[in-house]
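The tour moves one stop at a time.

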2 protein chains.
Amino acid sequence: MTKIVIIGGVAGGASAAARARRLSEEAEIIMFERGPYVSFANCGLPYHIGGDITDRSKLLLQTPDSFRARFNVDVRINSTVTAINREAKTVTVTRADGSDYQEGYDKLLLSPGAAPIMPPIPGLDNPLTHSLRNIPDMDAILHTIDMNNPSHATVVGGGFIGLEMMEALHQRGIKTTLLEMADQVMTPVDREMAGFVHQTIRDQEVDLRLGTALESAEFIPTTHVASDDAGEPSEPQHLEGSLSLTLNNGDTLHTELLIMAVGVKPEVTLAQQAGLAIGEKGGIVVNSTMQTQDPDIYAVGDAVEEIDFVTHKPTLVPLAGPANRQGRMAADNMLGSTEHYLGTQGTAICKVFDLAVASVGQNEKQLKHADIDYQKVYVHAASHAGYYPGAEIVSFKLLFAPDTGAILGAQAVGKDGIDKRIDVMAVAQRAGMTVEQLQHLELTYAPPYGSAKDVINQAAFVATNLIKGDAKAIHYHELGALRDDQVLLDVRNAPERENGQYIDGDIHIPVDELRGRIDELPKDKEILIYCQVGLRGNVAYRQLVNHGFKARNLIGGYRTYKFATA
Amino acid sequence: MTKIVIIGGVAGGASAAARARRLSEEAEIIMFERGPYVSFANCGLPYHIGGDITDRSKLLLQTPDSFRARFNVDVRINSTVTAINREAKTVTVTRADGSDYQEGYDKLLLSPGAAPIMPPIPGLDNPLTHSLRNIPDMDAILHTIDMNNPSHATVVGGGFIGLEMMEALHQRGIKTTLLEMADQVMTPVDREMAGFVHQTIRDQEVDLRLGTALESAEFIPTTHVASDDAGEPSEPQHLEGSLSLTLNNGDTLHTELLIMAVGVKPEVTLAQQAGLAIGEKGGIVVNSTMQTQDPDIYAVGDAVEEIDFVTHKPTLVPLAGPANRQGRMAADNMLGSTEHYLGTQGTAICKVFDLAVASVGQNEKQLKHADIDYQKVYVHAASHAGYYPGAEIVSFKLLFAPDTGAILGAQAVGKDGIDKRIDVMAVAQRAGMTVEQLQHLELTYAPPYGSAKDVINQAAFVATNLIKGDAKAIHYHELGALRDDQVLLDVRNAPERENGQYIDGDIHIPVDELRGRIDELPKDKEILIYCQVGLRGNVAYRQLVNHGFKARNLIGGYRTYKFATA
């Protein structure tokens, strides 16, 4: 009879416990959870704060009792494992009252998760500053909002949790400032794709400040004077007040609620103390069976380093999907199977108001950093047939190997069909498809759902044209400094250029007039063509090169160029 | 200079013309279209009739003029090609006035499409009976509706066009009867999946009659008597009237508009007269480069036979996606490339009121017919995290090879996320993934978009459990006749059994009580377990077999069982 001890009762730990019981009725399964809740919906916390999920109890997917009833798992909440004694194969467990005891194991699973990073900024230790990881954190934020009724809040960090908290607070009618140290939010996508997100955030009148860091915070308490007391001022009833924030640009910001969401770091203290290897990225090292260096200790979820699907190097991917699947797999392996976790693509999506932003694989920044050769295309196409109501633009970026056409990464932003396109790319990448093969994808099509040539097919056509040499690309960031032997040609129609929507110094000939006016263009210069999204530009490009001109087409068109700086 | 002649100016033909011009400025390109319109949105026609697409001009994606301006293609509308003269390499073209002429070609592309099947039913030749293929057909239907203001319409055929027309007419406030000869609508999916569609159609108070065929129609004209004329009755102003339909069950149906939508057949007359091979399915035979037996004649779209991706046998797939991509590829090949069309999966989707129904690959009926060994699983899971508002059930069927785990087909029905799941399966199938590999798919997850374990992951888990022998399936159609050594066990909670929502003769023990009451079950009989969707059934199954019972779990649970007969 195997005795399995699990540390951590949320995504990975809870999945492992349930799976282990399904595999074996005999196994003894104990699950320790430091907090008062197990198997809660951590991804749902911001949505309860924002009011989308009104019923708090919906976030509690399982209770210790329901877990025990269904899976016969001994769930011990408010129980912190404070040491692993590998030789004795026991763990030291500290109860809420501070007393402790030893519990033996045959197999141990670490699923401790990752903790919010609290940067060493002076003044953060105050009652108006919160981070968000679990139900008590959520309750504390709601309590602060209820007590103080803030009119202004500040979120530090433009990642998933930062963006979701920004939207949640805004949705509650609280004027919100979002501070992000980098020049973009949502770092899984590249800067020019984040531009669409920046525009949407500003359209909602959130005060977005890029390239801006918090340097210090000062808590300014409000002293309540009891007005119905005879003369003597009473003690303040609770700690009300506000914060004065100093920013790295010298600005001061007055706010009444501060959410720190600059990232998370793996919880590795326990593993480290037990002498288990910690990797270069700061996560617990495991092999592909989720086993640590100690054959009886497994680890899963946000606390471990995984192998990146593209670079084959260790990475941290603190996301629920991998954690759940790893937990299930670790249970298999603790009970004698040999299942392998096959690397992480980092597939991710985030809702930002009515926009979705999603990505899979490596982004351009990462590819540059890893010194991997790449080419890229941008496509902006309708989420479904343009003539059927409700179509929205899908802005799509595809990164691929210029020699083999291997899929390196994909990013998408838009109001409809974003999850679908990135899911398609996630499958194609995992299956090892090339961009040439993507041309042949046979996706669902009816006017309410797609197009006869889907966004993905279109991106594959453009990419394959580039690989074959049937098209020659210029990218938005190369338009900055034109050489004397280059001219810029806009082939859009005149109304599209209104309100300054064009690039200075261009020649303007609509694509449908180009054949008749082709002599207006210089044969001795390189013609850099642009249209709105790149499609008409390609038509013009083919005309020009087939007439002997030297030309390149702006991939993704004016739309990519414009939002790159938003 | 290559002279390319294209017969047919819609999906495949128009794609080919545009692509050919992009590849070559020198090529002479002539496109003949029998009707007055080119490159119209044939998939959008029902939605204009139903009023979703209010602006008729949105259906005209290109005009002959716009096509000429952008692509320098000589578009000749109202021009019917009546003969191909292969030796002379010319076609005979008949103008609208009946005169004709010869036009030479170097390469000829046939993209004539498929025509609605008009079964030999007596009485169909009347002014109230229509089919829907093109803009004039759509205009004629709208004209009939405007003139006669029908209160009742009948649609014959429950395929894509039949279902879309049913919805369009219903949406216009016309009481509608849908006659379908088979025992299900939407034959690309299997009967039990169509059950969800039947339920939705009936919920909308459409008069759905399955297993019912039209035997004859009789037109009953209404004679108008001009009331302001002095005595003499005038001639009827236009042909008003109604229809009396006789059905194969002897019933009579009175209706005022009849839409025939029993299917389409490839337009092969021209190819046949030219001596080109017609295949067993009735389509033009082409090789993988879309070339007919004549090396200078290519054919694409609804008129050709394609190779099925699963069976590797010829099939007809009259859908826009393949037509468009084949057209593009034929242009490449006519101009000297060698691009291969890599078989058709038949990926399809249809909107039926608020439901989407979609499929890819082979269905169970086809697999049986082709004598291909298969196993299947059903999963009913939320389209996104259940605790986030707006989640809908995705009902999903996965067909796979029981030995290799190869993906044979997939079907899905529901109100949200159906296109996404079938697209994921279409990519996975094309890439040659197995169901074991589907377990590892890393799909986008955030509460508004998905689940940490997506429907597809879940289906893959169930399928892999079956392949590994970790689960043993019973299917809904095997529950009809229990043997003496079998008992049925419902592990749902009591409220789920209310209103007769259970299978007669079962034992009822909720899953969370099962461990304590396991002795109530007979050890000498096979326990056939069911729950609502199969998940708790699996938990119970694992408990029972780990306690030494013989058991099977109803895959897809009571929900599959119930809708199979809807």
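**Stop one: a covered strand**

Select strand 10 of chain B, residues 152-156: it is mostly covered, with five of its five residues buried. Buried means under 20% relative accessible area, exposed over 50%, and partly exposed in between, with a 1.4 Å probe and protein chains only. Strands (E, at least two residues) and helices (H or I, at least four) are DSSP runs numbered from the N terminus. This is a predicted model: local features need pLDDT of at least 70 and side-chain atom pairs pLDDT 80 or more, while totals for chains, interfaces and linings use all residues. Residues are numbered from 1 along each chain as its sequence is written, chains are lettered from A and ligands numbered from 1 in the order written, and side-chain values use heavy atoms, without hydrogens and water.

Now show side chains. In a regular strand they alternate between the two faces of the sheet. Here B:His152, B:Thr154 and B:Val156 lie on one side, B:Ala153 and B:Val155 on the other, and all are buried.

**Stop two: its neighbours**

Five bridges join it to strand 10 of chain B, and the two run parallel. Two strands pair if DSSP finds at least two bridges between them. Find B:Thr154; opposite stands B:Thr177. Then trace the chain from strand 10 of chain B through helix 5 (residues 160-171) to strand 11 of chain B: this β-α-β crossover is right-handed. That means the path from the first strand over the helix to the second runs clockwise, with the strands pointing away from the viewer.

Switch to chain A. Five strands form an open, parallel sheet in the order 9-16-10-11-12. Its edges are strand 9 (129-130) and strand 12 (207-210) of chain A, each pairing on one side only.

**Stop four: between the chains**

Show both chains. Which residues meet? The contact (heavy atoms within 4.5 Å) takes 87 residues from chain A and 87 from chain B. About 7500 Å² is buried between chain A and chain B, 57% of it from carbon and sulfur atoms. Buried area is the accessible area (1.4 Å probe) that two parts lose on being put together, summed over both. Pick A:Arg70, A:Tyr387 and A:Glu442: they supply 12% of the area chain A buries against chain B, more than any other three residues.

Finish with charges. How many salt bridges link chain A and chain B? The count is 12; each is a side-chain nitrogen of Lys or Arg within 4 Å of a carboxyl oxygen of Asp or Glu. Zoom in on A:Lys468 and B:Glu339, one such pair, whose closest N and O atoms are 2.5 Å apart.
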